[in-house]
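Good morning, and thank you for coming. Please look at the sequence and the structure on the screen while I speak.

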Amino acid sequence: MKKNMDCSLSLPSKSTEERIREAAKRVFLEKGFDGATSRDIAEAASINIALTNYYFRSKEKLFMNIFEEMLQLFFNGMIDIMNHPISLREKIAELINHDFQLMKENPSLSLFVMNEIHRNPDRMASCMGVMKQIHHSMFEEQLQKEVNLGTIREISAIHLMPMIFCNIQFLFIGKAMHMKMWQMTEGQFDEFADKHKNLVIDMITNYLFEFEKA
């Protein structure tokens, strides 16, 4: 009986692995790859440090596992919206709403991804497959079609995409600063952020669609 118990204890535990992953996600989002240690992750997961090495072998492998998951989360849903057969005006509003909700639920995500790519540009290789999907989505073709028809101001996707996402993501990157500067509570910030999102939708769609033709 004792032998069977020992054998079962040696088997990989999914719950332990998930605890390590969740702890690593919190630690890496807070400290980045360089600032985090295996001991930090073990303490956050309330486990022995040897178990982190048992499941993920090294901090680098654990980090890349989390980083690729964060990239998927970062781009999750965006490509589906870009290929959705709806009007360009609706699509822009959906992209903004999607990015807003993602940043609201994961306020450290954008800064984490950008910082880690800046620190180690080779990690950009993990993004290339998603970038190709974005580049070859319906969005660019739809945008150019509207430009050719004269229904929107002349603009390329390479300029429009930062307008859409930076106006939302900076709001959450600077959340602590906004709350401190304007003496906001969490509830007041949420109310402010909702209004800001609607302003961004109006600002971008009005810029694109409301203009005097030459």
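I begin with the record: an unreviewed UniProt entry places the feature "DNA-binding region" at residues 37-56. UniProt positions are in the numbering used here, feature names are shortened, and annotations may be inferred rather than shown by experiment. This is a predicted model, in which local features need pLDDT of at least 70, side-chain atom pairs count only at pLDDT 80 or more, and totals for chains, interfaces and linings use all residues. Residues are numbered from 1 along each chain as its sequence is written, and side-chain values use heavy atoms, with hydrogens and water left out.

Residues 37-56 are 80% helix and 0% strand, and the end C-alpha atoms of this span lie 13 Å apart. Helices (H or I, at least four residues) and strands (E, at least two) are DSSP runs, numbered from the N terminus.

Next, consider helix H5 (residues 59-75) and helix H8 (residues 109-119), whose axes come within 10 Å and cross at roughly 125°. Axes are lines fitted to C-alpha atoms, for helices over the stretch in contact, and angles run from 0 to 180 degrees between N-to-C directions. H5 is therefore oblique to H8; angles under 35 degrees count as roughly parallel, over 145 as roughly antiparallel, 65 to 115 as roughly perpendicular and the rest as oblique. Contact means heavy atoms within 4.5 Å. Phe63, Phe67, Met70, Leu71, Leu73 and Phe74 in H5 meet residues of H8 including Leu109, Phe112 and Glu116.

The unreviewed UniProt entry also gives a "transmembrane region" at residues 155-174. That stretch is 85% helix and 0% strand, with its end C-alpha atoms 28 Å apart.

Which helix does H11 approach within 10 Å? The partner is H13 (residues 186-209): its axis and that of H11 (residues 157-173) come within 10 Å and cross at roughly 165°. H11 is therefore roughly antiparallel to H13. On the H11 side, the residues that meet H13 include Leu160, Asn167 and Phe172; on the H13 side, Phe189, His196 and Lys197 are among those that meet H11.

Finally, is Lys175 buried or exposed? Lys175 lies in helix H12 (residues 175-181) and counts as buried because its relative accessibility is 19%. Buried means under 20% relative accessible area, exposed over 50%, and partly exposed in between (1.4 Å probe, protein chains only). Leaving aside neighbours within four places in sequence, Lys175 is in contact with Glu186 and Phe189.
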